[in-house]
Amino acid sequence: MPQKVSLPDGAWAALIVAAQRDRVFIEGNILKVLDPEGSPSYQGYLDAATAADKDKREKRLQVTKQVQEQNKELLEAQRIIGLKTEKAERALNEMREAKQQTEAALAEAQQAREDAEAARKGAEGAWKEAKNDLDYMQKRTQFELMGRIVRVSLFVIVAVGTVTTSMYAMALFGPKTNAEDVNLLANTWSNMFGILLTNSFSIIGTIMGVKYATESRDRPNE
Amino acid sequence: MIPSILLVDDESLFHLVFEDACSLLDIALNLEAIDSANKAEDLFAKWSVDPDGRPECVFVDLNLIGSSFDGIELVRRVNQMYGNGVVIGIISSSSDQLEIDKAKDVGAQFWIVKSDYIEPRLEAFRAKYDDYKARTAPFKVYT
């Protein structure tokens, strides 16, 4: 048991007056150690003060418990908000990363598109070059063929002309001349020469026609 | 009535609850409440030299946020480093058997489970207090 504390009678009287006049009591653990020294009025004061103190403490205890409960709920809510915030931040970071990845993929796709475009242009250039080469080869072959035809034709014309002319000359100026043969050869030479000249111009005309037709056909493609 | 009690708990609202409950139940005459195991250790280091002001009974919370060690470690230190001269136990909202066993191993004499209505547990503890003081009461969990 704790050691009791005694108060002088004057102090007791003042406490009792304050209690009766203003309903003011001392409170706390001091009430547990005050000794009423057998006085009913002191004991009455102590009982009243203890009851008031208990009443106040009970009220405070209930309020404190309520506050404690609310505090627990607030702390729990704070914890949940913290978790949600953390989750939201994580989601935001993931979204940012996804956005960066999408942007990188987009840049790669753009680069690939540009590469493909460049490749298409390159292929187009190569195709045009190949086409030009082919045209050049075709024209070259045509020109070579035409040259050959012209050469052969000229050779044939010159050869036939030379042979016919030689025969006609031999008939005119040879030792055994016959008027009928000369006449025949003259007609033949004349006819032959006419035919050769006609054919020569025909060949030239055909060649020019072929060349013109080829150029006309090529023009729309360019 | 217990002459002096030390409460070590990081929750300051529980200090008020504990103080009022002890006062209403006439459990303690003098009650001191602190919020950290480190402060408690400093006090016990001081009291191991000069026992003046040393409490008779110590209630320690299990999880002490802001302290460098928990309540069980504080009980161990009080018992093993500063002399086993006080009635000491845990007061916690946890009733984890593993923790309870650990507390018992380091010399805690009781485990009181905190709840909204703690008064009956404190009354039951007070009824056995003399046995705890005499070190004749077995370890008990007040639920």
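What covers the buried residues of H3(B)? The points below work towards the answer.

1. This is a predicted model, in which local features need pLDDT of at least 70 and side-chain atom pairs count only at pLDDT 80 or more, whereas totals for chains, interfaces and linings use all residues. Residues are numbered from 1 along each chain as its sequence is written, while chains are lettered from A and ligands numbered from 1 in the order in which they are written.

2. Chain B has six helices and six strands, where helices (H or I, at least four residues) and strands (E, at least two) are DSSP runs numbered from the N terminus.

3. The six strands form an open sheet with parallel pairing, in the order E2-E1-E3-E4-E5-E6 of chain B; two strands pair if DSSP finds at least two bridges between them. At the edges stand E2 (28–34) and E6 (140–142) of chain B, each pairing on one side only.

4. In helix H3 (residues 71–80) of chain B, the buried residues are Gly71(B), Ile72(B), Leu74(B), Val75(B) and Val78(B), a residue being buried if 20 or more other C-beta atoms, placed from the backbone, lie within 10 Å of its own. Seen down the axis of H3(B), these residues fall within an arc of 160°, taken from the directions from the helix axis to the C-beta atoms, so they line one face of the helix.

5. The cover over the buried residues of H3(B) includes strands E1 (2–8), E3 (57–60) and E4 (87–92), together with helices H2 (37–49) and H4 (97–105), of chain B, with contact meaning that C-beta atoms, placed from the backbone, lie within 7 Å.

Technical notes:
A residue is buried if 20 or more other C-beta atoms lie within 10 Å of its own, exposed if 12 or fewer, and partly exposed in between; C-beta atoms are placed from the backbone. Two residues are in contact if their C-beta atoms, placed from the backbone, lie within 7 Å.
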